[in-house]
Structures are given as C-alpha cells and as structure tokens.
Amino acid sequence: MQKIAIIGGGAIGITLANYLDTTKYDVTLFDDESGQATKASAGIISPWLSKRRNKRWYRLARDGAAFFQKLVSDMKISEKIYAKNGTILLRKNGLQDLANLAEQRKKDAPEIGEINLLSAKQTADKLPLLAPQESLYISGGARLDGLLYLNHMKKLAKQKQVHLVQEKVTINKKNNLWQIKTKAQQFLADYIILAAGPNCKTLLDPLGYQVDLRPQKGQLIVFKTQQGQSKQWPVTMLDNEADLIPANDGQMIIGATHEDEAQWDLQPTSAAFEKLTSNSKDFLQTPEKLLENSFTYRVGTRAYTSDFAPFFGSLPNDPTLFVASGLGSSGLTTGPYIGYLLAEYLNKGNWSTEDYQKTLDNYIQPRSF
Ligand SMILES: Cc1cc2nc3c(=O)[nH]c(=O)nc-3n(C[C@H](O)[C@H](O)[C@H](O)COP(=O)(O)OP(=O)(O)OC[C@H]3O[C@@H](n4cnc5c(N)ncnc54)[C@H](O)[C@@H]3O)c2cc1C
C-alpha cells in the first residue's frame with residue numbers, strides 16, 4: 001500500500017485525510033498545532049457579495065461554500081459546528097445595489113438562497129443585539145466553528161485508520177521516498193502533501209524552493225452575552241472591518257483583525273480589543289451590554305500570497321510533492337473544498353482546477369543557486 005504523509009491538519013489537511021481512500025493509501029497526518037488558523041477561527045461562509053475582483057478566487061469560494069452541503073452530509077456535521085442561519089449585510093448606502101448583485105450571482109450560486117431587503121425592525125428581529133437599521137439578508141450564509149470542526153474531523157479520521165501524529169516535522173527526499181522527521185522518529189512516504197499554512201515556505205526552503213507566502217496575525221474577541229439563545233442568529237457583516245459571528249451557548253464573536261506586521265505573534269492585544277469594539281459599537285443596540293461582558297480572545301496565523309489567492313496541487317517537476325496554502329481570510333470557505341479536490345485527485349485522478357487558480361509556478365519556484 002502506498003504511503004501518504006500530510007503535513008498540517010487545518011481545514012485543508014484534516015478534510016483531505018477524511019476523503020482519502022484508506023483502502024488504497026496508508027495515511028499519516030502530522031500537525032504540531034502551533035499557530036493554526038483553523039483552530040482560532042469562527043468563520044463566515046458567505047463569499048457571494050465580496051468586493052474582490054479575482055474571478056478565479058470567486059469561483060473557488062462559491063464552489064467551496066456550495067460544497068458544505070456534501071461535507072455536512074458525508075461527515076455528519078452537527079449544527080453546533082456548521083449552522084446555516086443566513087447573513088445580514090449592513091451598509092449605510094447601496095443596499096439595493098447589493099441586492100441586485102446577489103440576484104445576479106444567484107444565477108450560478110443558488111446556495112445564496114432567499115434575498116430580502118429588511119426594514120430596521122426586521123433586522124433587529126433577526127439579531128436582537130443589533131440596533132434597528134435597514135439591511136440585506138441572504139438565507140444561504142453560514143458559520144463554521146473551526147475548532148469544533150477540527151475536533152469532529154479528527155475523531156472521524158481516527159475511525160478511518162488515519163494515523164495522527166502531534167509533532168513538528170521537517171522533510172527531505174531520498175531514494176525517491178519522502179523522509180518526515182520528528183524529534184524522535186523518522187517516517188517514510190511515497191507522497192507528501194504540505195498543508196502547513198504559511199509554514200509551507202519554511203518546509204520547502206531546504207528543498208531549494210522559493211515560495212510566495214507570508215504570515216498574518218488575526219484576532220477575534222469572544223463575548224458571553226446574557227441571551228442564552230444564539231442558535232438561530234445569522235452572521236452579520238458590518239459596514240467596516242468587523243463582523244459579528246454568533247457561536248454556541250449565547251456567545252458572540254467580533255472579528256477579525258488583519259495584522260501584517262505582527263506575522264507569527266500569537267499574543268492577544270488590547271489594541272485589537274479597542275479596534276474591534278469601536279468598529280462594532282455603532283451597530284449594536286446597547287453596546288455596553290455586550291462589550292462589558294467577560295470575553296476571551298482567539299488568535300491565529302493566516303497565510304497570504306502576493307495576489308491574495310490560494311494555490312494547491314502537485315509540483316510540475318515532482319508529482320509526489322503537493323502543496324496547498326495561501327488561503328488568507330477566506331480559508332474556512334475554500335479550505336475544506338481544496339482538501340476534497342486533492343483527495344479526488346489522489347483517489348481517482350480527477351483534476352480540473354484551472355478555473356480556480358493560476359498555475360503553481362506563480363507561487364513556487366526552484367531557487368537558482
Ligand atoms: C482570526 C481568524 C478569523 C478567520 N475568519 C475566517 C472567516 O470568517 N471565514 C473564512 O472563510 N476564513 C476565515 N479565516 C481564515 C481561515 O481560518 C484560514 O484561511 C484556514 O483555516 C487555513 O487553513 P489551512 O488548512 O490552510 O491552515 P491552518 O489552519 O493554519 O493549518 C496548518 C497547520 O499546519 C501545522 N504546521 C505548520 N508547520 C508544521 C510542521 N513543520 N510540522 C507539523 N505541523 C505543522 C500548523 O500548526 C497548523 O496546525 C480566519 C482566520 C483567522 C486567523
């Protein structure tokens with residue numbers, strides 16, 4: 001049986017591990033759980049009305065959001081992990097234009113669901129924490145709790161006989177086999193898949209590759225509200241750099257920061273608290289009621305490429321080496337689907353991703369010595 005080593009067990013790696021055919025491959029997933037973006041994130045799955053102009057990214061994110069229907073059914077994912085309660089979009093101006101865009105995009109993204117302009121009262125009825133204000137509501141929006149997703153998928157992976165190794169690794173290739181080294185052990189594999197976030201760059205450097213990737217710190221603040229009931233609350237995209245993401249048991253998350261200079265740093269900061277709370281308080285009914293509650297932080301490291309687009313696939317000069325990274329701030333939407341596409345390729349040879357990304361040599365190049 002051929003051996004596959006996956007390095008990195010975030011949204012991509014853990015989904016890939018679960019979709020690989022373990023009657024065909026012996027699969028080991030290595031993850032040191034340091035700085036994981038997926039673990040920290042409480043994500044919005046609602047890419048359709050993004051201002052981004054990159055068409056390839058849009059198709060990937062659109063199909064990634066649509067893929068959740070299959071994922072939820074295949075992996076028996078509960079509503080605690082993934083809840084499709086819709087998205088509220090708040091804008092000072094241009095709600096009608098946004099509704100028109102939603103109608104247009106719905107033609108090839110029926111997952112958008114119902115599209116309704118809401119009055120101020122209807123908005124506050126949907127999410128009682130919001131100050132009354134007009135909004136656009138789309139019923140297909142959803143939220144995914146990254147940590148709960150990982151915990152659930154790890155359990156399933158173990159049942160599928162995937163070996164999980166919680167260690168930091170380095171990699172090397174010798175005699176046509178991949179060597180994966182932890183502090184105390186060495187493993188061999190026929191194929192290696194690097195899904196290690198921004199760390200793909202560090203892993204590929206000793207093999208002579210230059211990789212277009214950089215780390216970015218992201219922080220979220222998790223508030224305990226006094227309203228025990230958050231199960232049906234939609235996610236809310238505010239008209240600035242903050243979003244409200246409901247979580248289980250009456251929790252409300254405000255996020256997220258995008259801190260380029262902080263790179264790998266995982267320390268929570270009061271500056272992030274100030275920024276996120278001041279960005280959101282004008283949209284809240286009684287800000288003091290939410291923002292004076294006890295809170296915790298979630299901090300993670302995202303991976304970005306220079307053109308903000310993800311990449312994934314095998315290297316042209318080595319079909320046993322796969323890399324997937326650069327998911328940026330939409331990787332909970334695209335990551336599971338990328339994991340699935342990689343598994344489909346390894347299981348069945350199906351590969352048609354030119355609609356979704358530029359070729360890999362745009363991001364990874366052999367270094368000239
Ligand atoms: C605060 C925050 C909020 C976000 N909100 C959203 C959102 O609302 N919607 C959305 O779609 N996306 C969101 N994202 C983005 C999304 O979380 C990421 O893009 C996605 O989770 C990345 O998944 P990944 O599998 O590529 O990497 P990761 O989840 O980073 O996983 C990579 C793993 O590789 C491991 N690793 C690295 N090097 C090694 C090594 N040498 N040995 C062993 N293991 C190693 C790391 O420890 C890590 O566990 C958010 C991210 C953050 C940080």
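Because the model is predicted, local features need pLDDT of at least 70 and side-chain atom pairs count only at pLDDT 80 or more, while totals for chains, interfaces and linings use all residues, and side-chain values use heavy atoms, with hydrogens and water left out.

**Overall shape and surface**

- The radius of gyration is 21 Å, which agrees with the value near 21 Å for a compact globule of 369 residues; this radius is taken over C-alpha atoms, and the globule rule is 2.2 Å times the number of residues to the power 0.38.
- Along the principal axes, the C-alpha trace spans about 65 × 45 × 45 Å.
- Buried residues make up 55% of the 369, where buried means under 20% relative accessible area, exposed over 50%, and partly exposed in between (1.4 Å probe, protein chains only).
- Of the contacts with a separation of 6 or more, 73% are between residues 24 or more positions apart, a contact being heavy atoms within 4.5 Å.
- There are 44 positive and 38 negative charges, and their mean positions are 3 Å apart. Lys and Arg count as positive and Asp and Glu as negative, without His or the chain ends, and each charge is placed at NZ of Lys, CZ of Arg, CG of Asp or CD of Glu.

- M252 counts as buried because its relative accessibility is 0%.
- Leaving aside neighbours within four places in sequence, M252 is in contact with residues including L127, L129, F223, T225, W233 and L290.
- K224 is 28 residues from M252 in sequence, yet their C-alpha atoms are 6.5 Å apart in space.
- K224 also meets N293: its backbone oxygen lies 2.8 Å from a polar atom of the N293 side chain.
- N293 sits in the loop between α9 (287–291) and β19 (295–304), and its relative accessible area of 13% makes it buried.
- Not counting residues up to four places away in sequence, N293 touches F223, K224, T225 and Q226.

**A covered helix**

- Helix α1 (residues 11–19) is mostly covered, with nine of its nine residues buried.
- Among the buried residues of α1 are I12, I14, L16, N18 and Y19.

**Backbone points to check by eye**

- Most residues other than glycine have a negative phi, and most peptide bonds are trans.
- The peptide bond from G255 to A256 is cis, with omega near -10°, and A256 is in the loop between β18 and α8 (270–280).
- Q161, a residue other than glycine, has a positive phi near 70°; it lies in the loop between α6 (146–159) and β9 (163–165) and counts as exposed at 58% relative accessibility.
- N176 has a positive phi near 65°, is placed in the loop between β10 (170–174) and β11 (177–181), and counts as exposed at 66% relative accessibility.

Conventions: Residues are numbered from 1 along each chain as its sequence is written. Helices (H or I, at least four residues) and strands (E, at least two) are DSSP runs, numbered from the N terminus. A polar contact is a pair of N or O atoms within 3.5 Å; within protein, one must be able to donate a hydrogen and the other to accept it, and residues adjacent in sequence count only if both atoms are side-chain atoms.
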